[in-house]
Amino acid sequence: MLGGCGGAVLAAAYPEVGIGLLGVSFAFGLTELTMAYAIGPISGCHRNPAVTLGLVVAGRFEQSRALGYIVAQVVGAIVAAFLLLFF
């Protein structure tokens with residue numbers, strides 16, 4: 001989410017030269033598309049806890065592995081938030 005949220009921060013911080021709403025939309029969409037192609041074949045592209053929980057409930061992912069994925073997703077989100085806040 002660093003790409004999409006970074007685009008939103010850029011648009012808000014520099015409204016006169018920012019990327020605007022369309023640019024933020026493209027930033028989120030292209031970031032998600034790129035990550036789906038890059039890590040989808042490796043990990044199934046679990047990019048947030050809702051996806052992981054949905055796959056567990058649907059029986060398409062092992063419940064025993066879900067906690068590790070969810071912890072990694074939350075830690076990744078926190079790291080991304082700190083990067084946006086401090087850089």
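These exercises work through the fold, the last helix and the aromatic pairs of a predicted model.

Residues are numbered from 1 along each chain as its sequence is written. Local features need pLDDT of at least 70 and side-chain atom pairs count only at pLDDT 80 or more, while totals for chains, interfaces and linings use all residues; side-chain values use heavy atoms, without hydrogens and water.

**Exercise 1. Describe the fold and its overall dimensions.**

Step 1. Helices (H or I, at least four residues) and strands (E, at least two) are DSSP runs, numbered from the N terminus. The protein has 4 helices and 0 strands, in the order α-α-α-α from the N terminus on.

Step 2. The radius of gyration is taken over C-alpha atoms, and the globule rule is 2.2 Å times the number of residues to the power 0.38. A compact globule of 87 residues would come near 12 Å, but the protein has 15 Å.

Step 3. Along the principal axes, the C-alpha atoms fill a box of roughly 50 × 25 × 20 Å.

**Exercise 2. Work out what helix H4 packs against.**

Step 1. Helix H4 covers residues 63–86, and its 24 residues reach 36 Å from first C-alpha to last.

Step 2. Buried means under 20% relative accessible area, exposed over 50%, and partly exposed in between (1.4 Å probe, protein chains only). In H4 the buried residues are Ala 66, Gln 73 and Ala 80; in the protein, buried residues make up 17% of the 87.

Step 3. With contact meaning heavy atoms within 4.5 Å, the buried residues of H4 pack against helix H1 (2–13) and helix H3 (49–57).

**Exercise 3. Find the aromatic pairs and classify each one.**

Step 1. Rings of Phe, Tyr and Trp (its six-membered ring) pair if their centres lie within 6.5 Å; planes under 30 degrees apart count as stacked, over 60 as edge-to-face and the rest as tilted. By this rule there are 2 aromatic pairs.

Step 2. Phe 61 and Tyr 69 are 4.8 Å apart, centre to centre, with 75° between the planes, an edge-to-face pair. Phe 61 has 12% relative accessibility and so counts as buried.

Step 3. The ring centres of Phe 82 and Phe 86 are 5.8 Å apart and the planes stand at 5°, so this pair is stacked. Both residues lie in helix H4, 4 residues apart, about one turn of the helix.

Step 4. Phe 82 is partly exposed at 45% relative accessible area, and Phe 86, at 55%, is exposed.

Technical notes. Expected span 1.5 Å × (residues − 1).
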